[in-house]
Amino acid sequence: MIRLHHIPQARSFRTLWLLEEMGLEFEVVEHSIFDRSLRDPDYLALSPAGRVPALEIDGLVLFESGAITEYLCETRPGFAPAPGAAGRADWLEWLHFAETIGQHCANLTQNHIVLREDWMRSPTLMKLEARRLAACLAVVDKAVARQDWLLPGGFSAVDTNVGYGIEVARRFVELTPAVQDYRARYRERPAFARAAARDGVPQLYTRDFYPVPDA
Ligand SMILES: N[C@@H](CCC(=O)N[C@@H](CS)C(=O)NCC(=O)O)C(=O)O
């Protein structure tokens, strides 16, 4: 049995979507980001930093979304160029770049949403992080303006990792037309729809857009 530990709208959506793309059977265990259950010793035994995703699979527990993507693609081929094959280096670069996008999204999420009082937030940091996120999206824009998916060979697992980043980034920065079209393409995929249906009740983002406040 494959078991995914997940929080709605969190990075574990990358894994949820990829498992659906792969057509695998799996169970989703939903957690809350706000009730401290991720700090429970039973959960820390699975994911020592108390984060999602954690994936129980093949007698292992993996707890870093990029590593999970790579492991799934190594053990269930079809969603990545094989090591040594053409496009592998680009695939790896996108896989890790997804987490560069993810870090800016996480910083913006902390500032806009997790820190509830205005005095805790830094408008300067929010402005800086939004600019840095937009610069990352410009890299995605350049790729998807000339081809449907991040790799010229077609859809692959990096589209799930970066695509999740777009889903969050759009709440903090305006998407360019090419990135909007890319978003529309991946959202039309049946596996995306199945993953979205299993995502759960939103816990993090309740607004479509979080503008940078006046400094
Ligand atoms: N680099 C890690 C980041 C995981 C991560 O920070 N996940 C967030 C949700 S997006 C989380 O679990 N936060 C809960 C917490 O920090 O308590 C990955 O990609 O798996």
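**Ground rules.** I number residues from 1 along each chain as its sequence is written, and I leave hydrogens and water out, since side-chain values use heavy atoms. Because the model is predicted, local features need pLDDT of at least 70 and side-chain atom pairs count only at pLDDT 80 or more, while totals for chains, interfaces and linings use all residues.

**Entry 1: helix H6.** I take helices (H or I, at least four residues) and strands (E, at least two) as DSSP runs, numbered from the N terminus. The 13 residues should span 18 Å, and the end C-alpha atoms are 19 Å apart, which agrees. I then looked up burial, where buried means under 20% relative accessible area, exposed over 50% and partly exposed in between, with a 1.4 Å probe and protein chains only. In H6, 13 of the 13 residues are buried, so the helix is largely enclosed by the rest of the structure.

**Entry 2: H5 against H6.** I looked at how helix H5 (residues 123–144) packs on H6: the angle is about 135° and the axes are 12 Å apart. Axes here are lines fitted to C-alpha atoms, for helices over the stretch in contact, and angles run from 0 to 180 degrees between N-to-C directions. H5 is therefore oblique to H6; angles under 35 degrees count as roughly parallel, over 145 as roughly antiparallel, 65 to 115 as roughly perpendicular and the rest as oblique. The crossing is left-handed, a term for the near helix being turned anticlockwise from the far one by less than a right angle, with right-handed for clockwise. Leu133, Leu137 and Val140 of H5 meet Val162, Ile166 and Ala169 of H6, with contact meaning heavy atoms within 4.5 Å.

**Entry 3: H1 against H8.** This pair packs at about 130° with axes 8 Å apart. H1 and H8 are therefore oblique to each other, and H1 passes H8 in a right-handed crossing. On the H1 side the contact includes Phe13, Leu16, Trp17 and Glu20; on the H8 side, Phe192, Arg194 and Ala195 are among the residues involved.

**Entry 4: salt bridges.** I count a salt bridge when a side-chain nitrogen of Lys or Arg is within 4 Å of a carboxyl oxygen of Asp or Glu. The structure holds 14 salt bridges. One of them joins Glu20 and Arg194 at 2.9 Å, N to O. This pair links distant parts of the chain, with Glu20 in H1 (residues 12–21) and Arg194 in H8 (residues 190–198), 174 residues apart. Glu20 is buried at 8% relative accessible area, whereas Arg194 is partly exposed at 39%.

I next looked up Glu70 and Arg88, which form a salt bridge at 3.7 Å, N to O. Glu70 is in helix H3 (residues 65–75) and Arg88 in helix H4 (residues 88–114), 18 residues apart. Here Glu70 is partly exposed at 21% and Arg88 is buried at 11%.

Asp118 and Arg121 meet in a salt bridge at 2.7 Å, N to O; Asp118 is exposed at 61%.

**Entry 5: Asn111.** Asn111 is in helix H4 and is buried at 6%. Leaving aside neighbours within four places in sequence, Asn111 is in contact with Arg121, Ser122, Leu125 and Met126.

**Entry 6: the loop between S1 and H1.** Pro8 lies in the loop between strand S1 (2–6) and H1 and is buried at 0% relative accessibility. Not counting residues up to four places away in sequence, Pro8 touches residues including Glu30, His31, Asp199 and Leu204. Gln9 lies in this loop between S1 and H1 and is buried at 10%. Gln9 has a positive phi of about 70° although it is not a glycine.

**Entry 7: other backbone exceptions.** Most residues other than glycine have a negative phi, and most peptide bonds are trans. I found that Asp58 has a positive phi near 50°. Asp58 sits in the loop between S3 and strand S4 (60–62) and is partly exposed at 44%. The peptide bond from Val52 to Pro53 is cis, with omega near 5°. Pro53 is in the loop between helix H2 (41–44) and strand S3 (54–57).

Note on methods
The expected span of a helix is 1.5 Å times one less than its number of residues.
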